[in-house]
Amino acid sequence: MRRQILYTCGVLAVGLCMCSCGILPAEEEFDMAPVVKEYEGNNYSKYTVTRGDMVQKDSIDALFQGTVKSEILGEGTATRIKKIRAKKGQKVEVGDVLLENYVADQEKVVKNSRRQIESLELQIKQAKEMKAKELEKLKKIGGSKEQKEAVRIQYDSQIKNCESTLKLTRLDLKSAQEEIKADCVTSDIDGTVTKVDRSFEGGYADIGDVVVVIQGKKRNRFRAKTKYASRLKEGQEVTLTVQGQQYKTTVKKGSDKKVVYFYPKTELSLKNGTIGSLELILKIKKNVLYLPAAMVFDMGNKKMVYIEGENGVRETREVTLGERIDNLVEITGGLQENEQVITN
């Protein structure tokens, strides 16, 4: 009887376990993943190991400097030309005045200041003379000490006031003269005046009207400021590319160690500021096997690449490296020319 009870309990327990397994939610049922072949040949790209030259390049931009020319243009009705000082054929230097403009307010200040300065200087002179005469007169007639001191105080006060006003007036004059000078047009280059249009003198020149023209030196060169200046030698011949055209030039060094000039063999008809470009080879390693450096990866202390093994399965292979130039790396062992390396 006891054995039968135990048997019945066991059957019930097994049944409960089977029922509980049957009510599990579907998302908790785990299926075994199917076995698949990874990295089949038609799923990845390859790169062919190349033999050739590894070259590191950079470019230098140089600005063309042709014949230097400066044009003095009109400024419209806002500015009236008082006097044109420049003359055709005249040699001028930087800072020489070419023309003067009217500055009515400041010219009036100059005129009044000069008149006032002249008057004040005369007043001071007269006050000093009168002081001397008064003191001399008191001396002759036996004037008292108090009388003499009163004369001194009177004239010294007058002279002091005049001198104070004179000082301020001279400052006004200087300020006005500086403003007038600042409104003069001066040469910004050394050269020869080749054109002067005097029809504008005393009147106005519209914006864009050419009043004076100065012709400077003929340079006919390219100028570059570059960190690679030391790589170029004095007298070296190099080729510059300008707007798709190539020009042979000769290198000349500037006083600034970073500045270099390129002189064309012939005179060029280019606008000032036109850009020329020089392709400079910084480093070259000839006739070597190489790969893009991104295809080589580290595995421990080894350098590895991926190759295609048997049955199209991706495998690793150890390689030895040489020099790296830009994004390329030299392969010194582990691969042969024309072998293929997996890129992804």
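This is a predicted model: local features need pLDDT of at least 70, side-chain atom pairs count only at pLDDT 80 or more; totals for chains, interfaces and linings use all residues.
Local features need pLDDT of at least 70 and side-chain atom pairs pLDDT 80 or more, while totals for chains, interfaces and linings use all residues. Residues are numbered from 1 along each chain as its sequence is written, and side-chain values use heavy atoms, leaving out hydrogens and water.

**Ser187**
- Ser187 sits in the loop between strand E6 (185-186) and strand E7 (191-196); strands are DSSP runs of at least two residues, numbered from the N terminus.
- A polar atom of the Ser187 side chain lies 2.6 Å from the backbone oxygen of Ile189.
- Residues touching Ser187 include Val92, Asp96 and Ile214, not counting those up to four places away in sequence; contact means heavy atoms within 4.5 Å.

**Salt bridges**
- Lys265 and Glu237 form one at 2.9 Å, N to O.
- This pair links distant parts of the chain, 28 residues apart.
- Lys265 is partly exposed at 47%; Glu237 is exposed at 55%.

**The Lys285 network**
- Salt bridges link Lys283, Lys285, Glu323 and Glu330 in a network.
- Lys285 meets Glu330 at 2.9 Å, N to O.
- Lys285 lies in strand E12 and Glu330 in strand E16 (residues 328-333), 45 residues apart.
- Lys285 also pairs with Glu323, with the closest N and O atoms 3.7 Å apart.
- Glu330 is buried at 10%, and Glu323 is partly exposed at 30%.

Technical notes. Helices (H or I, at least four residues) and strands (E, at least two) are DSSP runs, numbered from the N terminus. A polar contact is a pair of N or O atoms within 3.5 Å; within protein, one must be able to donate a hydrogen and the other to accept it, and residues adjacent in sequence count only if both atoms are side-chain atoms. A salt bridge is a side-chain nitrogen of Lys or Arg within 4 Å of a carboxyl oxygen of Asp or Glu. Buried means under 20% relative accessible area, exposed over 50%, partly exposed in between (1.4 Å probe, protein chains only).
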